[in-house]
Structure formats: C-alpha cells, structure tokens
Amino acid sequence: MLFERPDSGERAVLVHLDLNSEDEREDANEFVQLVTSAGGDPVAFITGKRQHPDSRLFVGSGKLEEIRSALADNDGQLVLFNHALSPSQERNVEQELKCRVLDRTGLILDIFAQRARTHEGKLQVELAQLEHMSTRLIRGWTHLERQKGGIGLRGPGETQLETDRRLLRARIKSIQARLQKVRKQRDQARRARRRADVPAVSLVGYTNAGKSTLFNTLTESEVYAADQLFATLDPTVRRIPITDVGPVVLADTVGFIRHLPHKLVEAFRATLEEAVQSDLLVHVVDAADPERQENARQVMSVLTEIGADAIPMLEVYNKTDLMGVEPRIDRDDEGKPIRVWLSARRQQGLQLLEQALTELLCAEVVETDIRLSPKQGRLRAKLYNLNAVQNEEADVNGGVKLHVRLPAVDWQRFLAAESVHEEDLLLGADA
C-alpha cells in the first residue's frame, strides 16, 4: 500500500481554528503536547476563527497563504491540523502546500504507532491505521488513469486502487481475526480470576494523569511512565495484596483524550475490556490540571461508549504535591469513599487509597478467636499463609489460641478446603 505523498519531517506548522459550529472545541495547549509527544518540532502556530470549515480546504484562502508563508519562513516540513479533516480536504491542502498534511486523528495514530510495544498493541495500532487509511486511499492514486483498452493496456480487471482496497480489506480481516483470538485468551484469564474470586481493579483516566506512575508505586513494577501523552498503550496486569480483601488484580490501561477517534476505541476494545470486566474502576485525575473537570467528562464519555459507565468507581485526584493540598479521603453522605487525594510521585496518601479500596472491595469480614490442637499445625500454617492471624497465644495443653481476621469468602473457602466445621474451631469448643 505504498502511494505517492510529499516527504514528511519533524518541523511542523500547527493549525488551530475556533469554529463557531463546534460544540466542543479542541484544546490548543493539548495539541502542542500531542505534537511534541509524537516527536514533532512546532515551528509556527497558526490560529484563526471561522463560522464553518471550508468544504474544500478547511481553512480560507487567506489563512492558507498564511500557512504557506509560515512553512517558507520556518523551513517547515509538514502541517498538522488540530481538527478532523476529510480525505478530500487533506488531499487538496497537500496539493496547495506541496507538503505532508496530517489531521488530529492521524497525529494520534502516529503516536500510538511509536508507543506500541507488545504484539497485541502493534496489531491494534495497525488495525486503526488501516481502517483510517482505507478512507484516504484514493488520495495517493490521483496520478493514475482508470482501466484502458487496447493492446498492452488491458489489465487483470481491476485498477491499482481497487487492488489496494482488496488487499487492505484482507489485511484488516486478518488482524481482526487475530485480535479476536487475543480477546478470547483475555476472557479465559478473567474467567479464571472470577472462579478464584479475585477482584479486578482497572486504572482509567485522561492521558498523562499519572496512571502508570501510580501503578508502578502500588505494584513495585517498572511500567514505562513519562510526562507525555499516551505513554501507556499496552495493558499491564499485576496482583497486589489489599488488607481484608486479599489478592487484587490491578490493570493499567490506555489513557483517554478529547474526541478519541471512534476507530481507535474499536481497535483497542480488546484492551479496554479489562476496564469493562472490572469490579471497580479507579479514575485517576490530574488534580493540578485546570481542565480536569472537562477531562473527567471526556473519560466518562469513552467509558459510556465501551459500556463501563455503570461499574463502581473511585476517583483518585493525583499530583496534589503540585497544588499544596494534603492527602485526604472524600466521602458521600453514607460515609462511602468517593475520592482520594494523593501524590503518586511523592508516594503521599497511598495508605488512604488502600483504605478506600479495602472499604469498597471488602465484603463481610470474619474476626474471631479459635483454638487449634497440637495435631492441627497444618491449619495454623494455612491461616498464616492467608495473612489471617492477628495474634497467637500458647495453650496449656500444647495447642494454640489464634485471633484471626479475614474476608468471609476466604474463611468459608478455608473451612471447605480443610473439611472442618466452624464450631469445632471456635474458642471454647472441644479442639
């Protein structure tokens, strides 16, 4: 699928228009972050206002000349629009400016292509790129004629454009089949966790909110974390212990962004299903971002799109160290935790987060005193493995008296696995 387009580079002229027809305008500052995250070098920023985008060039003729001058004055190599352009608009602007043109979706796809590390992540990025390319394929073949008749000019029955479209469809179908296999493998892993009654918690949030930093701090992992947009593409899952809950599966997911292209949401559905199948969502918010409320609203929009908006949620307001705010827990009228303020980078407030997770994930807790005979040393060892023993005292008969505390489900599972009755263990009963 090679087709002729102007050579690209990193010196970029950025274009951002305020359109009165837009209900939700793009963020100019976030656009600059996207460009730098992609490795671009912004050399000029062209802004303006229009009632509606021009159907042919998106911008007007005067703004087009301003972009052309900025390219010449700054030795620009490509033009990036903070908007979604139609295929014909991209083609027409490229023909006018004689340089590569990318819209917001193409820029995000480029970042995703750079960040993907795992086989699954690369497949998802390629799927999104191919589906995006399929709508723009004709732009690269405008120099070709259609089928011709005559000796030596008769072809196999389809134009080069039609051949490329057929190859694109075949490749997309192949990738979708492979991703479906990945989805089934993830489903099997999730079913195994559900059978073991292991709660699943997913970190979600706007890109660059600090999810990976929090994930690394909680799990003592080394997932790539950086002060850039879309530092995380590939989902990472780790087990962590939570007091009174036991092991919990924690998943780090891809960050969201304003107007995340629908094709990207579809391509990354296998990854986002970690969030859909979770018992609890931890919505990480950059507390120091002045746009935090709007960003949170965009996250909820994507969660609604993937069907995860009904899952219980705990908000985590991160980066409080940048605001001079002390860590704390906010609760609703019933006393249930709804928000935790912390700093993942400074490791401040992490105990409050664990406390909130315990309250939200923990069902009934069994706390009681039991007596074990000298012959029941295996039961004692099993309870220690479950981190259930709070206190131990020696018995005059050689046994032990234990004060245990653990989730009710683990207590019942322990009794069933060891084939013992609860009344036989309780203090005061015959051991």
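The buried residues of helix α7 pack against strands β5 (200-205), β6 (236-242), β7 (246-252), β8 (280-286) and β9 (313-318), and against helix α11 (350-361); contact here means heavy atoms within 4.5 Å. Helices (H or I, at least four residues) and strands (E, at least two) are DSSP runs, numbered from the N terminus. The model is predicted, so local features need pLDDT of at least 70 and side-chain atom pairs count only at pLDDT 80 or more, whereas totals for chains, interfaces and linings use all residues. Residues are numbered from 1 along each chain as its sequence is written, and side-chain values use heavy atoms, with hydrogens and water left out.

Helix α7 spans residues 211-219, and its buried residues are K211, S212, L214, F215, N216 and T219. Buried denotes under 20% relative accessible area, exposed over 50% and partly exposed in between (1.4 Å probe, protein chains only). Just after α7, E220 takes a positive phi of about 55°. T236 is placed in strand β6 and is buried, with a relative accessible area of 13%. The C-alpha atoms of T236 and S212 are separated by 9.4 Å, the two residues being 24 apart along the chain.

The chain as a whole contains 14 helices and 14 strands. Of its 431 residues, 47% are buried. Among the contacts with a separation of 6 or more, 69% are between residues 24 or more positions apart.

The largest nonpolar core has 29 residues, of which L80, L107, L281 and L303 touch the most other members. A nonpolar core is a set of buried Ala, Val, Leu, Ile, Met, Phe, Trp, Tyr and Cys residues joined through side-chain atoms within 4.5 Å. Two or more residues of this core come from each of β1 (11-19), α1 (28-37), β3 (78-81), α4, α9 (269-276) and α10 (292-305). Helix α4 gives the largest share, four residues. Leaving aside residues up to four places away in sequence, L303 touches V204, F256, L281, A308, D309 and M313. Another core, of 25 residues, lies apart from it and includes L203, A209, V248 and L353.

N295 is placed in helix α10 and counts as buried at 6% relative accessibility. Residues up to four places away in sequence not being counted, N295 touches Y206, R258 and D289.

Two helix pairs were examined. Axes are lines fitted to C-alpha atoms, for helices over the stretch in contact, and angles run from 0 to 180 degrees between N-to-C directions. Angles under 35 degrees count as roughly parallel, over 145 as roughly antiparallel, 65 to 115 as roughly perpendicular and the rest as oblique. A crossing is left-handed if the near helix is turned anticlockwise from the far one by less than a right angle, and right-handed if clockwise.

Helices α4 (residues 104-115) and α5 (residues 119-134) pack at about 155°, their axes 10 Å apart, and are therefore roughly antiparallel. The crossing of α4 past α5 is left-handed. T105, G106, L109, F112 and A113 in α4 meet V125, A128, Q129 and H132 in α5. This contact has five nonpolar, four polar and no charged residues, where Ala, Val, Leu, Ile, Met, Phe, Trp, Tyr, Cys and Pro count as nonpolar, Asp, Glu, Lys and Arg as charged, and the others, Gly among them, as polar.

The axes of α12 (residues 377-385) and α13 (residues 408-418) come within 12 Å and cross at roughly 150°; the two helices are therefore roughly antiparallel. Helix α12 passes α13 in a right-handed crossing. On the α12 side R378, L379, K382 and L383 meet W411, F414, A417 and E418 of α13, and the contact divides into five nonpolar, no polar and three charged residues.
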